[in-house]
There are 6 protein chains.
Amino acid sequence: MAQPYDLPLSELEKYKPPLTRQPDFDAFWDRTLRELAETPLSYELTPHDYPARGVRLFKVVYSGFRGATIQGWLALPEGEGPFPGLMLYHGYNWAMEGQIHDTVNWALHGYAAFLMLCRGQQGESADNTVYSHGAQAGWMSKGILSEDEYYYRGVYMDAVRALEVLASLDQVDRTRIGVSGGSQGGALTLAAAALSDIPVVAAADYPYLAHFERAIDITPSGPYLELNEFFRRNGDPEIEARAKRTLSYFDVMNLAPRVKCRTWVSIGLVDTITPPSTVFAAYNHLNCEKSISVFRYFGHEYIPRAHEQRLRLLLETLQP
Amino acid sequence: MAQPYDLPLSELEKYKPPLTRQPDFDAFWDRTLRELAETPLSYELTPHDYPARGVRLFKVVYSGFRGATIQGWLALPEGEGPFPGLMLYHGYNWAMEGQIHDTVNWALHGYAAFLMLCRGQQGESADNTVYSHGAQAGWMSKGILSEDEYYYRGVYMDAVRALEVLASLDQVDRTRIGVSGGSQGGALTLAAAALSDIPVVAAADYPYLAHFERAIDITPSGPYLELNEFFRRNGDPEIEARAKRTLSYFDVMNLAPRVKCRTWVSIGLVDTITPPSTVFAAYNHLNCEKSISVFRYFGHEYIPRAHEQRLRLLLETLQP
Amino acid sequence: MAQPYDLPLSELEKYKPPLTRQPDFDAFWDRTLRELAETPLSYELTPHDYPARGVRLFKVVYSGFRGATIQGWLALPEGEGPFPGLMLYHGYNWAMEGQIHDTVNWALHGYAAFLMLCRGQQGESADNTVYSHGAQAGWMSKGILSEDEYYYRGVYMDAVRALEVLASLDQVDRTRIGVSGGSQGGALTLAAAALSDIPVVAAADYPYLAHFERAIDITPSGPYLELNEFFRRNGDPEIEARAKRTLSYFDVMNLAPRVKCRTWVSIGLVDTITPPSTVFAAYNHLNCEKSISVFRYFGHEYIPRAHEQRLRLLLETLQP
Amino acid sequence: MAQPYDLPLSELEKYKPPLTRQPDFDAFWDRTLRELAETPLSYELTPHDYPARGVRLFKVVYSGFRGATIQGWLALPEGEGPFPGLMLYHGYNWAMEGQIHDTVNWALHGYAAFLMLCRGQQGESADNTVYSHGAQAGWMSKGILSEDEYYYRGVYMDAVRALEVLASLDQVDRTRIGVSGGSQGGALTLAAAALSDIPVVAAADYPYLAHFERAIDITPSGPYLELNEFFRRNGDPEIEARAKRTLSYFDVMNLAPRVKCRTWVSIGLVDTITPPSTVFAAYNHLNCEKSISVFRYFGHEYIPRAHEQRLRLLLETLQP
Amino acid sequence: MAQPYDLPLSELEKYKPPLTRQPDFDAFWDRTLRELAETPLSYELTPHDYPARGVRLFKVVYSGFRGATIQGWLALPEGEGPFPGLMLYHGYNWAMEGQIHDTVNWALHGYAAFLMLCRGQQGESADNTVYSHGAQAGWMSKGILSEDEYYYRGVYMDAVRALEVLASLDQVDRTRIGVSGGSQGGALTLAAAALSDIPVVAAADYPYLAHFERAIDITPSGPYLELNEFFRRNGDPEIEARAKRTLSYFDVMNLAPRVKCRTWVSIGLVDTITPPSTVFAAYNHLNCEKSISVFRYFGHEYIPRAHEQRLRLLLETLQP
Amino acid sequence: MAQPYDLPLSELEKYKPPLTRQPDFDAFWDRTLRELAETPLSYELTPHDYPARGVRLFKVVYSGFRGATIQGWLALPEGEGPFPGLMLYHGYNWAMEGQIHDTVNWALHGYAAFLMLCRGQQGESADNTVYSHGAQAGWMSKGILSEDEYYYRGVYMDAVRALEVLASLDQVDRTRIGVSGGSQGGALTLAAAALSDIPVVAAADYPYLAHFERAIDITPSGPYLELNEFFRRNGDPEIEARAKRTLSYFDVMNLAPRVKCRTWVSIGLVDTITPPSTVFAAYNHLNCEKSISVFRYFGHEYIPRAHEQRLRLLLETLQP
């Protein structure tokens, strides 16, 4: 797709639709965080052979929301530390081989890097929710008829807990922890920054799960369309209304005002999976110190210059 | 796709690859059926308004494998009965609005028609397995590392139990029950015929879940590719070996010799979702009274003449 | 196509472009109906074997416009009747195997269901016009240089005559006859309701042949594009002007004000074959009792909830 | 398509499947030619303005098979003549603006060039057959249930008659007439050379309508697929058998042995509309003086070197 | 693409964005033309066998900008002459077999027709610039960081020199020389008309290289996208700025006001390679006698009626 | 593409077509290497700011074949060294932003990593050959009519010289230098290993430029098709013969027997850009210590497990 298909940049920069929070939005998250706190911090590290000098790789298994078994990969630089920590979240239905190479590279850059595998999506991360209704293939509509049951409730809490695991490590300087990820990982980056006090910097590439109402209307490809498909299979308008209500709790646009740490976002103008307007909708509701990098010629993909900017941001904030 | 892309028809007719059953294949299914029997038969019917005369529609909720809540739609002809029963299974990731219109039409044809909604795929049918590892989006790789955990174990048993529900109804003549469905529904038709003594006739359109080894190698589109994707994300050869071992238990080719009732299968020669050779592999292992209808110009889709043949077969066997 | 690509719904609801009727529009149709009347009502019914109880299927051959041989399928419920009648029209270049299964199902719902096969498109329905010029493959540009010769003149009249055949049957209660169809069948539904007094209710799914001027400009796919192709092969602006003049006579938008019976229309917002604005253009010119059902997530396809609404409408009006 | 998808060249060169002629094949064509002869030779030339010096363009209207009105374009070089004649046939559903520019260019090359517009496809060429059954959109299945009614019967005879018109012109040297065309025009070139004694040379680019039995099985795109679609809509095996019997009369493979004049054929190895094996099947049945040009890197398209070879062949044979 | 995707025609007709000329725009071209003049006019004609009467074909090799070896094909009508001259430029990455057939046909129409092969693109035309940086595959970004080095500087000058070669031929009436071409050839047509006094008429089909700023933003396909790709590989904003500055010198929109001869332009409204707005942007800046032909139903392709208009224009102006 | 489309693995493993070397093959490369030696070793390092600790990045400019300016990126680990060296080559038309992030990561793994930018493709690497004829867009057909002029002659020599640059650095242990790259970079890896004594290990992912004769025939996508396109534009069989003769000198299959160092190759079985058979053709002609990794489910893309194998191989051989 060669041309901007969404709003022009000048409008994107001002695009700030009203929040769609339900009255109990903050109460819901407070309650959810309290429920997370009921599961004690618990994890196990198993060293994992990796063909590189200067780094130690561990398989991590920890207890997530409602005690779910969640796996991650932890790569530590050689040496004593403490090192700055970097929490990493991966994209939707991605994480080939657990993205261990990427995680290791971050460790070689000096970070205690911890990649969480999303429940049900990869590795031993188990989704322990039994959903009370059927869903479209994928994760987007699992439990969508209730904010208490929705799939991402567990994922967001697993992400918060992962930060707590990282912060608890001896090798980690818990005052210097950042969060980063792209797409679903970008959404988790913003959600974790909104729901946890641990991160001091957040770097989100083309964050997903933002401004669902518009996303459903305009997104040409990718997993937002699972929602459209769910509404095709279940055409009752009341179901659609309930689902949209549920989504509002997990919309990172609605979570954005809760973010307190310094935040950087990137977006390509020909991104057809997380349309620019949905990303700007979330970004423009951030009240923290923030910046956004816009790439005219890129879509939902690796953007070398964005990577450089993220490297620099993290270097400045976490390895000053 | 205009041309036959799989084996030519003359080879398909003779295509009978060796079974890939593990030594404990039958023991596994005996054990599984015993486990099903531990859940007592239990269901509830709720009348559902439907704009047609001559038929009564009910939402059915019953206890499936390991007590899972499974939903179905039951349509009964007007009158006293007993009616011949027709068990219906739906395609993968399909079942829009629960396929109630189709189910009702079968009732208007004189059958007590019962459509099962597959667990996790539609309606209130809940998948109550907590899988111990992540999977590719969809259902094909859920629990694939163990035959005890694999997704279709529950589905196959829910399908058997659905037949037991249907057979237990007062309005149904349990000596005249057929099973039918296309694609995933065709696989469930064969599996149910193999694992239950209830059906006296089975009609399977382009059955899925057959001859996995070849399906993984040649299928150009559709959900078999979830397996290919799973092996991309998890490239350890041992994982692939374990997964293929698991699949062997659920391969309808391996179940085919257990089918005892009269069975009819249909397949289109340009079907790119359930390639003809995978269907013939299962068909050629059927030892029951059987017939197959081949359609040169059709793929994975509604085939009017196949429908007529199914109508005639069911009429002859169930409404003689 | 995930996103609305045509006007937003709020504009669609008000979208009412001026009619494009020529001054002799009504005169043309009066003259055409008189010409139809010159062919005496004549038809023959031949019983046809069908594997279902409770229904009788007949092949019907009748004399259409200018004496053309037109075929249809008639399915009657068992019993004496009289039954309410349901006239069915099929989609463009469709009608596989004459859609007999669909027609039979309507009979099982209690209707004397009669499906007309469009001339030249299927079965023994013969197009007896010798067109005076060449056309793009398909039927859209046959005879397009003159309203007297245009292909759909015969089809519209065949559709009216089919209603007269249906109404003349002993088994039919001619005061309770409805018309229904989708796409081309939706256009014929509206056209028949505009040009015949027989129907008391009309149900049109995504009607085709509406608001040609805009359709030519915006339709991304489907048979409207035959017109674009015709204008590519014949670039003389005068030919385009004559063709558009001809089309104006057959535009169901222009016929809409003539409809007197209760009318229901359905349309999906991602329909790329009959764009929503072309359907609303016709709908908004209906002056009868009317309603429209809009489906956000559907295109030019089977819409389960639309089917339920049609069932209910016909039940209320024809089987009260 | 980068790779040869049909037989390799070494096999193509030997590919000579048995003819599929019915016993009355020659009798059918003799009878058909006699019927053509019953329509007296009759035509009218109307000068047509064209922006070029050195050429005169005429619209020609003549009586084709069963008196059908057929149009063509005749371009004559300036001067007295007599000129060698070149009969041109166009591709299926093509002939934009009657291909007048191409026809004029042939006249500038020294030929009395006459392009026939196929009945029903372009210009004023009228298809005067009333077909007794419906067909798939397009011309391939019109009248396909009977060799007497099939669409191409008229077209082949119109093509023969066009040669007779050309040969009768004062400005034409009737001993030096060639025929040429591509695709459908290539089929008509071979058919005219088989059914008329007039041409002394034939040049056919990727001829269509050849070896239908295989074409239906392997052709990936283009109008052969109309036959596949017809068999989808009409699945009765007897209909398929009758249709294939009809096609056998018009298969240029079956007509090839009747060709007496020098003949040249071209084909590209990545032609997906008229697969190479279908073209070689016809070519290898030619018993006349013949040659074939094979183009490894070309499909169904303009091939500059083929054009040069045709120019040279015609120059040598018609302007020696 | 069926629908207009760019501005509506009423806006296109008025679309006249500001020129983007740098202050030294005219100075740059004056300097460039002076540099061309330093290479003396030098060429060689070699007769080339061609299978046609009435025309003589020559391979021409001449010295282009900075002495580059440039090849062309010259076709002369038979006879003494002097003939009107027609300079022809070809499309981007096109010119199969040097387009000799097309060139010959123009000679048969009475013109001394000369087709230049663009440097580096075809035949013996050698691009003698050594570019100081890497580029995206293709020619669009070669030397793009400097107007002195940019690829099209040489091409434009070669095009001017080709006119000088043509005008110097004895067989050519240098007061009657036209220029013509499509796409890249259309751009060269306008550029040559702007930079040379030789042509008295210019005919440009869908000219390329126009209004780059918008082209980069909206063009869906074709070689403009090489620029987008270049900016993906080289994301430094300064590089983008320098490249756009360079392009401004070669933008035919900026050159348009320099054109003095009568000029005709054609464009299709569904042209996705040279979007209509980019063509109108250039056209609306022409200050010469001018006309434009707009084709609603055509894209970037052969348009028969446009060809007729070009023939007529050239006939009127060059062969009055 | 889900299925293996090339030879089955069992045949690939034995696939060893005859070499296509010309008699002077080795003489050509000896002569070419001598010509390289005439250009003295010369380079310049410029430090480049990069946001990472533990690594120093330098822009390198050196003199390549015939003195061409060639750029590369050199990343050195912090510390004194000497470090093992890793020469990196990039893919065709790729190297976004010079692949600096990837190069830096290799340095963090302990290597003096040097990425060469291919002449004309990226950065300041200038292609200083003036080709004597036109080519298809891209680099594959530049100078293809002569082995002395062909584009890859310079590239292969630049690759050899890059190794000499790397080996000459004080920080590098010249006895521990490896080469690596994918696609075009894989071809350069094998070519450099064949033409230089410096590398002690070579790791080539899906190497390109192998077994051209078959590649031209079967490759479905990617830059091999530039050759097909060149032969479309230039259909003279003699041109094709000359081009194929030229390619034989650069075919890594023909160079394979010259490789002496340990070599590892990877290939995916659904790779449609460098088909498996072309890669095995080269691999099976390697006479060195060698191994190949085959990936059933991968195409021409990042393969995580291949990366791990390369890391391990390099670790074992270069950092023992």
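Predicted model: local features only at pLDDT ≥ 70, side-chain atom pairs only at ≥ 80, totals over all residues.

Analyst: Residues are numbered from 1 along each chain as its sequence is written, chains are lettered from A and ligands numbered from 1 in the order in which they are written, and side-chain values use heavy atoms, with hydrogens and water left out.

Chain A contains eleven helices and nine strands, where helices (H or I, at least four residues) and strands (E, at least two) are DSSP runs numbered from the N terminus. Its radius of gyration is 19 Å, close to the 20 Å that the globule rule gives for 320 residues, so chain A is as compact as a globular protein of that length; this radius is taken over C-alpha atoms, and the rule is 2.2 Å times the number of residues to the power 0.38. Along the principal axes, the C-alpha atoms of chain A fill a box of roughly 55 × 45 × 35 Å.

Of the 320 residues of chain A, 68% count as buried, a word that means under 20% relative accessible area, with exposed meaning over 50% and partly exposed lying in between (1.4 Å probe, protein chains only). Among the contacts in chain A with a separation of 6 or more, 75% come from residues 24 or more positions apart, a contact being heavy atoms within 4.5 Å. The chain exposes about 10100 Å², and carbon and sulfur atoms supply 49% of that area; accessible areas come from the Shrake-Rupley method with a 1.4 Å probe, and for residues only the protein chains shown count as cover. The 29 positive and 38 negative charges of chain A have mean positions 3 Å apart, with Lys and Arg counted as positive, Asp and Glu as negative, and His and the chain ends left out; each charge is placed at NZ of Lys, CZ of Arg, CG of Asp or CD of Glu. Chain A has no contact with chain D, and their closest C-alpha atoms lie 23 Å apart.

Within chain A, Thr219(A) sits in the loop between helix H6 (212–218) and helix H7 (225–233). With a relative accessible area of 0%, Thr219(A) is buried, and a polar atom of its side chain lies 2.7 Å from the backbone oxygen of Ala215(A). Although Thr219(A) and Asp6(A) are 213 residues apart along the chain, their C-alpha atoms are separated by 9.4 Å.

A further loop of chain A, between strand E4 (83–89) and helix H3 (100–108), holds Asn93(A), and Glu97(A) also has its place in the loop between E4 and H3. Most residues other than glycine have a negative phi, and most peptide bonds are trans. Asn93(A), however, has a positive phi near 55 degrees, and Glu97(A) has a positive phi of about 50 degrees. Asn93(A) counts as buried at 13% relative accessibility, and Glu97(A) is buried with a relative accessible area of 19%.

In chain C, the peptide bond from Gly81(C) to Pro82(C) is cis, with omega near 0 degrees. Helix H7 (residues 224–233) of chain C is mostly covered, since eight of its ten residues are buried, among them Tyr224(C), Leu227(C) and Phe230(C). The buried residues of H7(C) pack against helix H6 (212–218) and helix H8 (237–250) of that chain.

Ser266(D) lies in strand E8 (residues 262–268) and counts as buried at 0% relative accessibility. Its side chain makes a polar contact of 2.3 Å with the side chain of Asp205(D); such a contact is a pair of N or O atoms within 3.5 Å, where, within protein, one must be able to donate a hydrogen and the other to accept it, and residues adjacent in sequence count only if both atoms are side-chain atoms. Leaving aside residues up to four places away in sequence, Ser266(D) touches several residues, including Tyr206(D), Ser293(D) and Phe295(D). Phe83(D), in strand E4 (residues 83–89), is buried with a relative accessible area of 11%.
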